[in-house]
Amino acid sequence: MTYVVTDNCIKCKFMDCVEVCPVDCFYEGDNMLVIHPDECIDCGVCEPECPAEAIKPDTEPGLDKWLKVNTQYAELWPNITIKRDPPADAEKYDGETGKFEKYFSAEPGQGD
Ligand code: SF4
Ligand code: SF4
């Protein structure tokens, strides 16, 4: 198994997760992060750190799409281990549904 980042990270990107991960397996896109499933050691430390509750174990039902998104983009986006400020309008998007369809960007983030 692995943990995966899901819909509510999009446009929130608070980044509290990246500093607690013992194996530095978060990767940064333009408006969300993903976890590299082959690097994640399933420690679960990041899950309660995410203010947006966007991190889930992939053993939860219905997360196949997110496992694919995390797997695909962890190979393409730069590694991120140091927290930066979240987007100024992050709170506005927290909890909105269907963010992937509306806002997902395949562009890479800046990384560390
Ligand atoms: S803490 Fe949550 S919302 Fe913030 S970047 Fe990490 S997964 Fe995304
Ligand atoms: S579960 Fe542990 S290893 Fe996996 S991304 Fe979260 S903090 Fe990192």
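In this predicted model, Leu 76 sits in the loop that links helix H1 (64-74) to helix H2 (90-93).

In soluble globular proteins, nonpolar side chains tend to be buried together. Here the largest nonpolar core runs to 30 residues, and the members with the most contacts inside it are Val 5, Cys 17, Phe 26, Leu 33, Val 34 and Ile 35. At least two core residues come from each of strand E1 (3-5), strand E2 (26-28), strand E3 (33-35) and helix H1. H1 gives the largest share, four residues. As for Leu 33, leaving aside residues up to four places away in sequence, it touches Val 5, Cys 9, Lys 13, Cys 17, Phe 26, Tyr 27, Glu 28 and Ile 80.

Then there are the ligands. Around ligand 1 there are 13 residues, and Cys 9, Phe 14, Cys 17, Cys 50 and Ala 52 come nearest. The shell of ligand 1 is made up of 11 nonpolar residues and two charged ones, with no polar residues. Ligand 2 also has 13 residues around it, with Tyr 3, Cys 21, Cys 40, Cys 43 and Cys 46 coming nearest. Its shell splits into 11 nonpolar residues, one polar and one charged.

Definitions and conventions
Residues numbered from 1 in each chain as written. Chains lettered and ligands numbered in written order. Predicted model: local features only at pLDDT ≥ 70, side-chain atom pairs only at ≥ 80, totals over all residues. Near = placed C-beta within 6 Å. Nonpolar A, V, L, I, M, F, W, Y, C, P; charged D, E, K, R; others polar. Core = buried A, V, L, I, M, F, W, Y, C linked by C-beta atoms within 7 Å. Buried ≥ 20, exposed ≤ 12 C-beta atoms within 10 Å, placed from the backbone. Contact = placed C-beta atoms within 7 Å.
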